[in-house]
Amino acid sequence: MPKSKECALSHIQVEKACTALLDHVKKTHEKSLLGDIDTCSLSITIKKIPASASKPKRIPLKHTLYPVGESEVCLFTKGDKDTTRALLEAKGVVGISKIISLDSLRKKYKTFEDKRKLCAMYDLFLCDAAIYHLLPRHLGKKFFEKKKRPHPVNMHYKNLKEEFAKARDATYLHLGAGSCSALPVGNTGMSAEVLTRNIMAVGAALAKTVPRGWSNIRSAHLKSVDSVALPLYTATT
């Protein structure tokens with residue numbers, strides 16, 4: 001049994017799985033003439049489900065999924081968008097494509113179609129941590145189906161530029177919803193080496209973040225949107 005605070009993922013096994021996954025996706029896209037970039041996720045199964053957490057656990061990635069200048073990012077905010085935009089500019093925060101206040105979200109995005117279009121327009125959604133718990137009822141299930149639920153940002157953090165960078169360049173663990181969790185760790189546009197580094201970094205963080213540590217993880221798999229799940233780890237006890 002691995003020590004509770006030590007990751008039991010094998011670098012060699014992870015790299016083999018990353019290479020196999022990327023090769024499979026490349027061949028599939030060549031046959032279908034598609035060139036889409038798919039998200040790669042690390043799926044873990046937990047032995048003993050912990051109590052639900054009010055907010056997700058932020059886990060840093062070695063290589064971001066959302067490079068500044070290449071990604072469309074939307075921020076949901078408690079206050080009005082002009083005040084928020086001025087604050088972000090004053091603090092040196094860059095890369096926010098759209099700001100939507102909670103009041104505007106309520107009034108302008110009422111229908112399922114409005115919410116579907118909003119979900120499709122942006123790569124990443126962030127939100128003021130103060131309204132994180134209010135957003136599910138206003139966004140609807142499409143955001144959760146597409147795994148685009150907003151990630152909270154502490155708008156009162158002293159170094160707001162750093163806080164936004166950390167929120168953008170991370171993946172998130174949602175605890176308490178069930179025994180299985182899927183964490184985006186890369187995409188099929190990355191190299192096997194880069195994807196491996198992200199997975200190993202997330203594995204090390206999970207050993208310290210999951211209650212009871214790595215000894216509470218039953219299995220770990222890697223998969224893209226349409227691939228089979230490739231095994232990375234299975235507990236022996």
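1. The lining of the largest pocket has 20 nonpolar, 16 polar and twelve charged residues (Ala, Val, Leu, Ile, Met, Phe, Trp, Tyr, Cys and Pro count as nonpolar, Asp, Glu, Lys and Arg as charged, and the others, Gly among them, as polar). The model is a predicted one, in which local features need pLDDT of at least 70 and side-chain atom pairs pLDDT 80 or more, while totals for chains, interfaces and linings use all residues. Residues are numbered from 1 along each chain as its sequence is written, and side-chain values use heavy atoms, with hydrogens and water left out.

2. The volume of the largest pocket is about 1400 Å³. A pocket is an open set of points on a 1 Å grid over the protein atoms alone, where a 1.4 Å probe fits, with protein on both sides within 12 Å along at least five of seven lines; lining residues have an atom within 4 Å of a point. Thr-39, Ser-41, Lys-146, Lys-147 and Pro-184 are the closest to the centre among the 48 lining residues. Strand S8 supplies the largest share of this lining, six residues. Other elements that give two or more residues include strand S1 (39-46), helix H4 (112-121) and strand S9 (217-224). Helices (H or I, at least four residues) and strands (E, at least two) are DSSP runs, numbered from the N terminus.

3. The second largest pocket has a volume of about 230 Å³. It is lined by 17 residues, and those closest to its centre are Ala-53, Ser-54, Tyr-132, Arg-149 and His-174. Helix H5 (residues 135-139) gives the most to this lining, with three residues. By class, the lining has ten nonpolar, five polar and two charged residues.

4. Four strands form an open sheet in the order S8-S1-S9-S10, with antiparallel pairing (two strands pair if DSSP finds at least two bridges between them). S8 and strand S10 (230-234) are the edge strands. Four bridges join S9 to S10, and Ala-220 stands opposite Tyr-233 in S10.

5. Helix H2 (residues 81-91) packs with helix H7 (residues 160-168) at an angle of about 100°, their axes 8 Å apart. Axes are lines fitted to C-alpha atoms, for helices over the stretch in contact, and angles run from 0 to 180 degrees between N-to-C directions. H2 is therefore roughly perpendicular to H7 (65 to 115 degrees). Leu-87, Leu-88 and Lys-91 in H2 meet Leu-160, Lys-161 and Phe-164 in H7, where contact means heavy atoms within 4.5 Å.

Definitions and conventions
Angles under 35 degrees count as roughly parallel, over 145 as roughly antiparallel, 65 to 115 as roughly perpendicular and the rest as oblique. Grid points are joined across faces, edges and corners, and a volume is the space filled by probe spheres set on the points.
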